[in-house]
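Please look through the sequence and the model before reading the points below.

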Amino acid sequence: MATVVRLTRIGRKKQPFYRIVVTDSRKRRDGGFIETIGFYNPLKDSDNIKFDAERLAYWKSVGAKLSDRVAQITSK
């Protein structure tokens with residue numbers, strides 16, 4: 001199973017809010033997921049991202065790939 005860490009949208013229209021989730025790469029963007037490890041709120045200026053760094057490191061160590069956007073926002 002190829003796992004990927006990516007964003008899944010849960011926000012309303014014109015109010016995006018995302019969860020950072022670990023999922024099978026063959027699933028749809030908002031399909032089922034294995035684990036939620038954080039959230040990202042692009043509309044908020046401060047404290048707009050929160051994630052569990054230990055769980056992210058674990059999933060990377062077992063071979064999960066990061067999506068481009070997750071890699072960008074978690075490196076800040």
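The points that follow cover the fold, the overall dimensions, the surface and the core.

The model described here is predicted. The protein chain contains 2 helices and 5 strands, and buried residues account for 36% of its 76 residues.

**Fold and dimensions**
- Along the sequence, the elements of the protein chain occur in the pattern β-β-β-β-α-β-α.
- The protein chain has a radius of gyration of 12 Å, which agrees with the value near 11 Å that a compact globule of 76 residues would have.
- The C-alpha trace spans about 35 × 25 × 20 Å along its principal axes.
- Of the contacts between residues at least 6 apart in sequence, 32% join residues at least 24 apart.

- The accessible surface of the protein chain is about 5300 Å², and carbon and sulfur atoms contribute 48% of it.

- In soluble globular proteins, nonpolar side chains tend to be buried together.
- The largest nonpolar core here has 12 residues, among them Val-5, Tyr-18, Ile-37, Trp-59 and Val-70.
- Two or more residues of this core come from each of β1 (3-9), β2 (18-24), β3 (35-40), α1 (53-61) and α2 (68-74).
- The largest share of this core, 3 residues, is supplied by β2.
- Ile-73 is also one of the core residues; leaving aside residues up to four places away in sequence, Ile-73 touches Leu-7, Ile-20, Tyr-40 and Ile-49.

Terms used
Residues are numbered from 1 along each chain as its sequence is written. This is a predicted model: local features need pLDDT of at least 70, side-chain atom pairs count only at pLDDT 80 or more; totals for chains, interfaces and linings use all residues. Side-chain values use heavy atoms; hydrogens and water are left out. Helices (H or I, at least four residues) and strands (E, at least two) are DSSP runs, numbered from the N terminus. The radius of gyration is taken over C-alpha atoms; the globule rule is 2.2 Å times the number of residues to the power 0.38. Buried means under 20% relative accessible area, exposed over 50%, partly exposed in between (1.4 Å probe, protein chains only). Contact means heavy atoms within 4.5 Å. Accessible areas come from the Shrake-Rupley method with a 1.4 Å probe; for residues, only the protein chains shown count as cover. A nonpolar core is a set of buried Ala, Val, Leu, Ile, Met, Phe, Trp, Tyr and Cys residues joined through side-chain atoms within 4.5 Å.
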